Amino acid sequence: MEKTTLIFVGIIASLVSFASATPGIATFYTNYVPSACFGSQDQGKMIAAAGDALWNNGAVCGKMFTVTCTGPRNPVPHPCTGKSVTVKIVDHCSGCPSTIDLSGEAFALIANPVAGIINIDYNQYAYFTPLSSPLLLQ
């Protein structure tokens, strides 16, 4: 019974997390290295640079965010693919018009790159590991 309750609580927490996504703006870039967080160390392709609103003096470095396209910001009609992407913050996009500047590959998963700039919902990716839960460790 205790495991079932814990799983149910985890599912509800995940749903609340998705329901409380923050609206923002996304753009994309193509030069990934060096980065403000990891220097010349390659961090893969599912990455992003944080705009000034998220940067917080680098405290966001290495954090994961789930990003979903919600609509156009320019005349490109219906840019969204209906998918979401999870990216790791590896850089700072100082002065960007966006909240999150996605890698080209990450942007293309959620929107048509021709759009260039889109409206998004984003939230910090939360890890749920039932084995490390205090309820199961008792």
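Contact, as the word is used here, means that heavy atoms lie within 4.5 Å. The structure is a predicted model, in which local features need pLDDT of at least 70 and side-chain atom pairs count only at pLDDT 80 or more, while totals for chains, interfaces and linings use all residues. Residues are numbered from 1 along each chain as its sequence is written, and side-chain values use heavy atoms, with hydrogens and water left out.

Leaving aside residues up to four places away in sequence, I110 touches V67, T68, C69, P79, C80, T81, G82, K83, S84, V85, L102 and I118. A nonpolar core is a set of buried Ala, Val, Leu, Ile, Met, Phe, Trp, Tyr and Cys residues joined through side-chain atoms within 4.5 Å, where buried means under 20% relative accessible area, exposed over 50%, and partly exposed in between (1.4 Å probe, protein chains only). The largest such core has 24 residues, and V67, I100, L102, I110 and I118 are those with the most contacts inside it. Two or more residues are given to this core by each of β2 (47-51), α2, β3, β4, β5 (100-103), α3 (104-110) and β6; helices (H or I, at least four residues) and strands (E, at least two) are DSSP runs, numbered from the N terminus. A second, separate core of six residues includes Y29, I47, A49 and C93.

Strands are taken to pair if DSSP finds at least two bridges between them. Strand β3 (residues 64-72) is joined to β4 by five bridges in an antiparallel arrangement, with V67 opposite V85. Seven bridges, again antiparallel, join β3 to strand β6 (residues 118-124), and here G71 stands opposite N119.

T66, also found in strand β3, counts as buried because its relative accessibility is 10%. The side chain of T66 makes a polar contact with that of T86 at 3.2 Å, a polar contact being a pair of N or O atoms within 3.5 Å, of which, within protein, one must be able to donate a hydrogen and the other to accept it, and for which residues adjacent in sequence count only if both atoms are side-chain atoms.

D91 lies in strand β4 (residues 84-93). Although buried, D91 has no salt bridge, and the nearest side chain of opposite charge, K88, is 13 Å away; a salt bridge is a side-chain nitrogen of Lys or Arg within 4 Å of a carboxyl oxygen of Asp or Glu, and Lys and Arg count as positive and Asp and Glu as negative, with His and the chain ends not counted. The side chain of D91 does reach the backbone nitrogen of A36, at 2.8 Å.
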